[in-house]
Amino acid sequence: MSSEDPFLEVQADVQSLLTQTRHLFSSYLRIRSLSSTKSKSGPSTELLQSRAEVTSNLETLTNDLADLLDAVFAVESDPYRFGLDVAEVQRRKAFVRDVTEEVESMRIELQSSTGGGGGGLPDPDSFHDEDEDAYEAFEHQQQQTMMREQDEQLDGVFRSVGVLRGQAEDMGRELEEQGVMLDEVDTLADRVGGKLQVGTKKIAEVIRRNEDTYSSCCIAVLIVVLIILLILVIAI
């Protein structure tokens, strides 16, 4: 997968914003819990500001998740065309689904909260208990989400290690085969070298013999020529 994959870039932004939103939501629950026991005149300014920040982040996350979902649908029919496999598409779908569920959970909690006591509302202590329960539930859900993400990351690491191990085994077998081939090449080279040396010696011997034969022939021819010349001189 390319490092410039738009999905991965948006996913990184979503993960960063989700982490920030979790902290803001935790702070919101704590502020709401404290304000419900201390104030009877309505939600505090701090609580309203905290809730507005969480709401804004949730809206941004919702828009980003919609873009990610569209991207998943676009590649789902033919992932290999985009350089992906089925497992990666499923991972992306699971990521969008999990984050969407967490965002909706926080949104529902925001919509169901009233932020403080007063008038005909129940006793403030009951709000405190409900807020504590909601906070604990959110913390538990956050821990479950983190554990699920860690499990997915570990699964990815295991798959990568398995692929690397398979590649290492293939490379080891290829190296062994190449070592055997090199040994055979060395043996053949030694044999060819020996034969070349024997052939070279034979050729040198033939050349030497031929040189001696040619010299003898030349001497014989010269002697015959000298005899003929002497006969001619005497005859004249």
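A residue counts as buried when its relative accessible area is under 20%. I started with that cut-off and applied it to the whole protein chain of this predicted model. Buried residues make up 25% of its 236 residues.

**Overall layout.** I looked up the secondary structure and found 4 helices and 0 strands. Read from the N terminus, the order is α-α-α-α. I then checked contacts between residues at least 6 apart in sequence: 80% of them join residues at least 24 apart.

**Helix H2.** I noted that H2 covers residues 45-76, which is 32 residues. At 1.5 Å a residue the helix should span 46 Å, and its end C-alpha atoms are 46 Å apart, so the two values agree. Next I listed its buried residues, which include Leu47, Ser50, Val54, Asn57, Leu58 and Leu61. Further along H2, Asp64, Leu65, Leu68, Val72 and Val75 are buried too. I kept in mind that an α-helix has 3.6 residues a turn, so residues three or four places apart point the same way.

**H2 against H3.** Helix H3 covers residues 86-112. I found that the axes of H2 and H3 come within 10 Å and cross at roughly 155 degrees. Angles over 145 degrees count as roughly antiparallel, so H2 is roughly antiparallel to H3. The crossing of H2 past H3 is left-handed. I sorted the residues of this contact by class and got 15 nonpolar, 4 polar and 6 charged.

**Asp98.** Is Asp98 buried or exposed? Its relative accessible area is 13%, so Asp98 is buried. Leaving out residues up to four places away in sequence, I found that Asp98 touches Arg148 and Glu152.

Conventions:
Residues numbered from 1 in each chain as written. Predicted model: local features only at pLDDT ≥ 70, side-chain atom pairs only at ≥ 80, totals over all residues. Heavy atoms only, no water. Helix = DSSP H or I, 4+ residues; strand = E, 2+ residues; numbered from the N terminus. Expected span 1.5 Å × (residues − 1). Buried < 20%, exposed > 50% of the residue type's maximum accessible area, 1.4 Å probe, protein only. Axes fitted to C-alpha atoms, helices over the stretch in contact; angles between N-to-C directions. Parallel < 35°, antiparallel > 145°, perpendicular 65-115°, else oblique. Left-handed = near helix turned anticlockwise from the far one by under 90°. Nonpolar A, V, L, I, M, F, W, Y, C, P; charged D, E, K, R; others polar. Contact = heavy atoms within 4.5 Å.
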